[in-house]
Amino acid sequence: MKAIKEDNTKKYTSLIDIYNTSIADIEAQNAQRSQLSVLTENEAVRQQENKLKRDNVRKNIDKLKKNTEIDFQKYTEQLLNVDAVEQIIRQKYDHKKEAQEYLAGYLVEKLQNELEKLIKGNSEKFKTELDTFFQSYPEAEFNGYKSGEYTNSKTFRFDWEASVMGAVAGLSSFGALAAWAISFGNLGGYILVAKFVSFLSALGVGFGFSGGTAGIMTIVAAIGGPIVLGVGLSVTIGLAVWSSWTESWQKRLAKQLVKDFEKQSVCEQFLKGINKFWQDTSDGFEKVADVVEGDWNKYLDHQSEIISLTRESKDCIEEIIEILKRGRKFFAGIPWSNIKYEC
């Protein structure tokens, strides 16, 4: 709550400053109007470039998906072969009953851990891709102006991060967008924690009033976003593992496990999880990109309104400022103290 108060108070103060500048800087409005005109004229070119950049993001999502699949299959081949499994049995288990009971779960856990590591690594690469794409909006402001005319005016400042977070909040699944959203700090963390706690609650994992959500916030920040692969496996080893006495029990168990893992399509189930993760990433990106593009168009229209010299536009801006002040007062005035209530 404290972080929400601080973040939103700063946000409203920043917006109020922008609108106050637009009223006070009357003499500069002719130059601003000229700048906006150039920006608008370049809009068709920007839209074409935006389309190409979106296509590149889609291609990179497909590339990351294939890389994840290839690397995971390589790891699976190294782990789930008779010699490798036999070696694990000899290193971890002294008794065949213990090995038969726990070996399958141990190997599934190793597969899950490896897949999460691969997903995290590729998600980190995707974060850079997304930053580059969405930062092209404020770059369009700069590049749209003629050489020497851009003066870093506060009037022109598209808040793409706020637009992105608003879009992310409406997503039902994130994929690699989770690791990216958490990089936005508190706001991204709030959204992910709310979604993640809801997800865990649906699985029957409850959180009490005494700070359960704060604990999840720490976990989410540590892992760079919740990685939800949707892969749940319960693999069992067949009972006919002792039919041959010409080999060691470790070798026979290893053969049976590899056979059962193939029979139960373990690798294929993980690959389905990979496909869903990156499909969620692609779907989420498209939705967020659509929202941000729509907000950009509204932003251009609004900029055209606020640099008008008419009395009506000034009245409108002053009314907006009053609304923003009320919003700032609301968040600044939220009562909050870190008190633990005890019976």
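Me: Why is N122 called buried?
Reply: In this predicted model, N122 has a relative accessible area of 5%. Buried means under 20%, so N122 counts as buried.

Me: Where is N122 found, and what does N122 touch?
Reply: N122 is found in helix α5, residues 96–134. Leaving aside residues up to four places away in sequence, N122 touches L64, T68 and W278.

Me: How do you know that these count as contacts?
Reply: Contact means heavy atoms within 4.5 Å, and L64, T68 and W278 are the residues that N122 touches.

Me: What makes E77 exposed?
Reply: The relative accessible area of E77 is 58%. Exposed means over 50%, so E77 is called exposed. E77 has its place in helix α3, residues 43–79.

Me: Why is α11 called largely enclosed by the rest of the structure?
Reply: Of its 15 residues, 11 are buried, so α11 is largely enclosed. Among the buried residues of α11 are W249, L253, L257, D260 and F261.

Me: How do you know that the reach of α11 is close to the expected one?
Reply: Helix α11 covers residues 249–263 and reaches 21 Å from its first C-alpha to its last. The expected span is 1.5 Å times one less than the number of residues, which for α11 is given as 21 Å. The two values are therefore close.

Me: Which residue with a positive phi follows α11?
Reply: S265 follows α11, and its phi is near 55°.

Key: Residues are numbered from 1 along each chain as its sequence is written. This is a predicted model: local features need pLDDT of at least 70, side-chain atom pairs count only at pLDDT 80 or more; totals for chains, interfaces and linings use all residues. Side-chain values use heavy atoms; hydrogens and water are left out. Helices (H or I, at least four residues) and strands (E, at least two) are DSSP runs, numbered from the N terminus. Buried means under 20% relative accessible area, exposed over 50%, partly exposed in between (1.4 Å probe, protein chains only).
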